[in-house]
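Open the model in your viewer and get ready to pick out chains one at a time. At each stop, you will read what to select and what to look for there.

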Amino acid sequence: MKLELLFSGIGGQGVMRLGEILCDAAIKAGYLVTFSPFYGQEKRGGRTMCNIVISDEMESPIISEAQVMLIFDERSLTEYEHLLDPAGTLILNSSMIEKEPTAPCAQIDKVPFYDLAQKIGNTKTANMIALGYVLKYLPAIDYGVVEEEVKKTFAAKAKLIPLNVEALHTGYTYRA
Amino acid sequence: MGERVFMQGNEAMAESAIRAGCKLFFGYPITPSSEVPEYYAKVMRERPEENIMFIQGETETSVFNMIAGAVAAGHRAMTATSGPGFSLGQEAMSYMSAASLPAVIVEVMRPGPADGEILAAQGDYFQATRGGGHGDYNNLVLAPYSVQELCELMQESFDLAEKYHNPVVLLSDAMLAKLRESVELPGYVENEPKPEEKWRTLTGADGRDPHIITTCGRGAIQWERFNLDLQEKFRKIAENEVRYETYNLEDADIVLVAFGCFSRVCISAMKMAREEGMKVGMIRPISLWPFPEEAFRGLDGKKFLVCELNAGQMVQDVKLSVDNKNDVTFYGRLGGQVPTPKEILGEIRKLR
Amino acid sequence: MRAVKTIYQRPVVFTDEITTYCGGCGHGIINKIIAELIDEMELRDKGVICWPIGCSCLSDLYYKMDQIMCLHGRAPAVATGMKRANPKEFVLVYQGDGDMVSEGMAEIMHAAIRSEKFSIIFVNNAIYGMTGGQMAPTTLLGQHASTAPYGRRIDSSGYPVQMAELMATMPGVIYSERVAVNSPQRILQAKKAIKKAFQLQLEGKGLSFVEVLSMCPTGWSTAPVKALDWVDQKMIPIYPLGVKKDVSEGETVQNEEQELEVRSL
């Protein structure tokens with residue numbers, strides 16, 4: 001198996017964090033996993049993008065075509081949509097993106113991550129909702145394992161655990 | 001071996017160095033190597049039992065000379081830097097090679113020239129493999145392709161530096177430095193022989209003859225002899241420390257050549273090409289100096305595609321190693337652009 | 001039988017080599033002071049001397065102890081690595097004016113900033129000796145040098161650098177004194193100052209610094225005897241002798257350190 005993913009957004013949106021949690025879960029599932037982050041030179045508000053490769057063998061940490069691409073803002077869409085696998089899935093944060101993608105793509109899901117986050121009471125959980133949603137396209141990764149990783153991530157701030165687990169579940173069960 | 005973790009290249013490498021007994025770190029922050037001094041600074045305060053001494057020097061020029069002092073005093077010491085800082089360190093690289101000081105330097109390459117960018121690149125290949133400073137000397141240069149290999153070579157670098165009394169350059173890049181992957185951290189190195197058994201340390205001439213380290217020539221006769229001794233050291237390294245990996249060479253018509261983390265892009269491209277029915281193999285040099293010339297022997301008639309993140313540096317060593325240099329094609333990207341496996345596949349198709 | 005008492009001998013740490021300094025040069029005198037103190041204070045077995053580039057870069061031939069010749073200006077950095085690795089080692093840095101004040105200004109300043117716990121002997125002869133009498137940052141205004149054939153001028157070369165005073169302004173420096181070696185009395189005073197610098201290092205206090213005004217008759221194109229007078233007449237007015245700083249009796253520098261809780265502000 002070889003899965004290539006690309007997640008991108010603006011610094012502070014938690015895109016990298018959700019990528020790392022996903023990687024931890026994929027490792028638990030026994031795969032080789034690489035996480036390649038790319039940052040702008042800005043310290044705040046710059047673009048943050050990551051390539052994730054989940055595979056059985058040693059592979060390139062740089063992806064050719066994303067089978068699943070998660071995009072949080074319009075500039076990321078413009079910059080990276082050419083890396084989409086035509087047979088892949090594009091997940092757009094419709095709370096912030098009005099533009100239509102131009103690259104060919106089998107499946108486009110528009111999910112209002114920030115509106116959903118607002119509904120459960122904290123916009124900071126938008127990335128966990130997105131993580132939950134992405135999992136629908138990654139059957140190799142067990143939902144329960146990811147939930148455990150989310151709990152671990154917030155272990156130092158235990159009171160945030162229920163909120164983030166709820167966010168994960170909200171994303172996982174959302175129908176675009 | 002130690003525990004399996006999901007860790008960033010720079011940090012996993014720093015931890016491996018600590019476990020190899022490198023307690024002294026002299027650093028100057030520069031992207032993309034800064035996590036290494038940061039890691040050492042943190043461990044110095046949070047794990048006092050490790051006895052770490054981290055100094056943030058005023059310049060890389062200074063830092064490299066601090067390493068010279070620390071290894072001369074019989075301790076393992078290192079730094080991690082990137083191109084502009086490595087340039088500043090060159091006078092000390094020349095010095096430490098001549099003075100036979102076992103320093104270990106991590107060079108995390110980024111695109112130059114000058115200030116450049118902070119992304120992945122391999123443009124410091126010449127600087128690392130040709131000595132980089134003044135005079136006739138060589139560094140032993142190792143280029144790992146995964147976080148796992150980075151950690152293992154990090155530990156081995158100290159042994160090699162001490163075996164040959166020469167600086168070792170561990171050549172990483174922005175891609176490998178920031179890459180997170182699952183790695184089995186090497187364990188603590190134990191039962192190492194004492195430094196004074198391995199090289200002439202400066203610890204006070206208590207009960208022994210004085211040790212004097214000087215690189216100051218005393219006339220042409222003496223200085224030629226000194227240089228010939230140095231060349232003998234480099235000859236031994238060249239004889240013993242060639243490292244490389246080959247993939248699918250047996251039936252290959254086209255042989256990719258790539259080093260470092262970027263070679264993994266080529267490995268994926270090779271697999272894609274094989275799925276299309278093309279007979280593609282690969283050579284991955286691990287020691288860049290000494291360059292694995294022997295890997296290219298007996299491959300007459302094959303086409304070579306050398307892929308680098310620079311304007312064509314290692315390709316010169318490949319041309320010196322193959323039977324017919326007209327068989328060698330180069331594909332390079334600059335400025336921090338890293339081609340995808342699919343793009344490399346496109347270059348392979350052109351050779352079909 | 002009458003008891004025989006040694007009242008003078010060649011320092012034991014010296015080899016049998018004859019120094020190759022020019023006639024009238026001050027380096028030989030300073031080298032000898034160091035050798036005598038190494039004997040007297042029993043530093044040979046735990047000491048390392050870090051030599052610079054310059055006339056003294058052949059000095060490792062003269063001592064039977066561990067020594068390292070450092071690159072131009074970098075001796076304080078090498079000594080930092082060495083002392084941080086083995087804090088109990090006695091580390092002596094010896095530098096000339098071209099080495100320290102030009103090429104190595106960053107290294108000396110930052111060794112002082114970090115309060116490195118070694119001793120530095122700084123030999124100031126207001127000229128580049130080894131390379132043939134070129135201008136140094138310490139060359140006096142109007143003084144002739146091969147790269148200032150009509151004398152040093154402010155408009156192109158600025159002002160002579162007063163290192164002992166400069167070091168005295170640094171909190172990390174515990175002791176800074178300027179001495180000279182152009183008369184027997186001054187040589188005795190120089191030895192006293194250098195001994196104090198060594199002593200302070202052994203006590204683990206901060207950086208100890210001794211600037212020694214020294215003669216370079218060859219570089220100054222003058223006779224050795226006249227060079228002795230030149231130190232008095234020309235150098236000392238610009239580089240006054242004396243203790244510039246001595247906080248060795250007080251708290252050590254480290255104890256004054258305060259951990260600022262900037263994060264909590």
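Keep in mind that this is a predicted model. Start by selecting chains A and B and finding where they touch: 21 residues from chain A and 23 residues from chain B make the contact. Between them, about 1,800 Å² is buried, and carbon and sulfur atoms give 63% of that area.

**Stop 1: the charges between A and B.** The interface of chain A and chain B holds four salt bridges. To see one of them, show the side chains of A:Glu65 and B:Lys342, whose closest N and O atoms are 2.6 Å apart. Polar contacts are here too: 11 residue pairs between chain A and chain B count, both residues being at pLDDT 80 or more.

**Stop 2: the pieces of chain A.** Now colour α1 (15-28) and β2 (32-39) of chain A, each of which supplies at least two residues of the side that touches chain B. The largest share, five residues, comes from β2(A).

**Stop 3: chain B by itself.** Hide the other chains for a moment. Chain B has 13 helices and 15 strands, and its C-alpha atoms fill a box of roughly 70 × 55 × 40 Å along the principal axes. Does its radius of gyration fit what a compact globule would have, or what is the value? A compact globule of 352 residues would have a radius of gyration near 20 Å, so the 21 Å of chain B agrees with that.

**Stop 4: chain C against chain B.** Bring chain C back. Here 32 residues of chain C are in contact with 35 residues of chain B, and about 2,700 Å² is buried, 59% of it on carbon and sulfur atoms. The interface has four salt bridges; one of them joins the side chains of B:Arg218 and C:Asp60, at 2.9 Å from N to O.

Next, select α2 (75-85) of chain C, one of the elements that supply at least two residues to the side touching chain B. The largest share, seven residues, comes from α2(C).

Select strand β9 (residues 212-213) of chain B together with β2(C); they pair in the parallel sense over two bridges. Which residue of β2(C) is the bridge partner of B:Ile212? Look for C:Gln67.

Notes:
Residues numbered from 1 in each chain as written. Chains lettered and ligands numbered in written order. Heavy atoms only, no water. Contact = heavy atoms within 4.5 Å. Buried area = accessible area lost by both parts, 1.4 Å probe. Polar contact = N/O pair within 3.5 Å; in protein donor to acceptor, adjacent residues only side chain to side chain. Helix = DSSP H or I, 4+ residues; strand = E, 2+ residues; numbered from the N terminus. Rg over C-alpha atoms; globule rule 2.2 N^0.38 Å. Pairing = 2+ DSSP bridges.
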